[in-house]
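Here's a quick briefing to read alongside the model.

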Amino acid sequence: MDDVVFSQIDFGLLMPLLEDDDITDISYSNGGQLWIKTLTQGVKPYHIEGLNNEVMEKLAFQCSNVMGKTFNMAHPLLDAESAELRLNFVHDSIATNGIAVLIRKTPAKIRLNKEKLIAEDYVSVNLHDFLITCVGGHCNILVSGETGSGKTELIKYLASHIKEDEKIITIEDTLELHLDKIYPTRDIVAMKTNNIASYSDVLVACMRQNPRWILLSEVRSAEAVMAVRNSISSGHNILSTIHSDKASSIPMRLYSLLETSQDIDQFVKGMHRYIQLGIHVKGFFSKKYNRFQREITQVVEFYVDDVENVAKTNILYTRDLMGNETYNNPTSHLIDYLASQGVQMREDPFVPKENQLQQTNNEKLEILEM
């Protein structure tokens, strides 16, 4: 772990966990209970001899000193953040069964690659290539899923396929993307909201920076929803994440986060007009693979019907609980949009090219035989 902000802190017994790339989250609570979340095994209990409330309290005081904050009965909540770690402490005056600690690791690296995604059955080759094509064609994409499902990691992977000459601005309230550190030679501006600069303030500054892409780490407030809407309606492209039970519910989930009585039909129709794709990812322990499994379970296309002027959803891909996959071809709306961005997509992008070639040859033979 290379962390400048916390380099003077003695993590002691926790250091091996921080240095293990397979571990993403460390949770301490209930007077000595330690749980870890891993990429391969999901959430599981873990035991470290000598780890107790006193050790965690010392860690909290070290973090409070580094961050210039106070942690006591009068200030029982402490958040400490650096480039690669996010720590949250709850004082025992609030957590009555002992100090509670959550450590989340956000390393400046892309954990995913095509070979890994295919090998681990995260996504099929055809769907993977389809999504990368959509990124190249400047599709606005929102990724949904539960906490810990890997939404941010997928966004980082998709962002890695943005063209090198296209400027990216990231807007976050907690640092997770780290694209500026992953690609230090690219034109990337990393912005962080705080008590002084809100999403709205940062977005105004962002627009003046003339980006092609705006990346929001997560949409979880009315202000973030408005940032998404203002970004895409002004012609910028976005990649972001949101909590939702399925990809097809993303527009309604965005609406539910609003704190105004805006007309629901008008809002949803606007989202369907400007957001091209929704992706849902799921994380669970797989009996089939005997490990923690992350996979894409739904990809949908949003559009507004030109004739009926109605918001519609085209489910391009689904994977059920048994692993069965269903594909549907994109509508002319998505194909035409990509064409307007200089990207050509077949009407049947999920059919392997060799199968399509064989089909064409068979059709030619039938014509000759006639």
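Let's start with Ser-248, which sits in the loop between strand 11 (237–242) and helix 9 (250–257). Helices (H or I, at least four residues) and strands (E, at least two) are DSSP runs, numbered from the N terminus. Keep in mind that this is a predicted model: local features need pLDDT of at least 70, side-chain atom pairs count only at pLDDT 80 or more, and totals for chains, interfaces and linings use all residues. Residues are numbered from 1 along each chain as its sequence is written, and side-chain values use heavy atoms, with hydrogens and water left out.

**Around Ser-248**
- Ser-248 is partly exposed, with a relative accessible area of 24%; buried would mean under 20% and exposed over 50%, using a 1.4 Å probe and protein chains only.
- Leaving aside residues up to four places away in sequence, Ser-248 touches Gln-298, Val-300, Phe-302 and Thr-313 (contact means heavy atoms within 4.5 Å).
- Ser-248 and Asn-314 are 66 residues apart in sequence, yet 8.6 Å apart in space, C-alpha to C-alpha.

- Six strands form an open sheet in the order 3-2-1-6-5-4, with antiparallel pairing; two strands pair if DSSP finds at least two bridges between them.
- Strand 3 (42–45) and strand 4 (77–81) are at the edges with a single partner strand each, so one side of each has no neighbour in the sheet.
- Strand 4 pairs with strand 5 (residues 85–90) in the antiparallel sense over five bridges.
- Leu-78 has Phe-89, in strand 5, as its bridge partner.

**The largest pocket**
- This pocket holds about 640 Å³ of space, where the volume is the space filled by probe spheres set on grid points joined across faces, edges and corners.
- A pocket is an open set of points on a 1 Å grid over the protein atoms alone, where a 1.4 Å probe fits, with protein on both sides within 12 Å along at least five of seven lines; lining residues have an atom within 4 Å of a point.
- Its lining has 32 residues, and Gly-148, Gly-150, Lys-151, Glu-153 and Arg-294 lie nearest the centre.
- By class, the lining of the largest pocket has five nonpolar, eleven polar and 16 charged residues (nonpolar: Ala, Val, Leu, Ile, Met, Phe, Trp, Tyr, Cys and Pro; charged: Asp, Glu, Lys and Arg; polar: the others, Gly among them).

**The second largest pocket**
- About 360 Å³ of space lies here.
- Strand 12 (277–286) gives the largest share of this lining, four residues.
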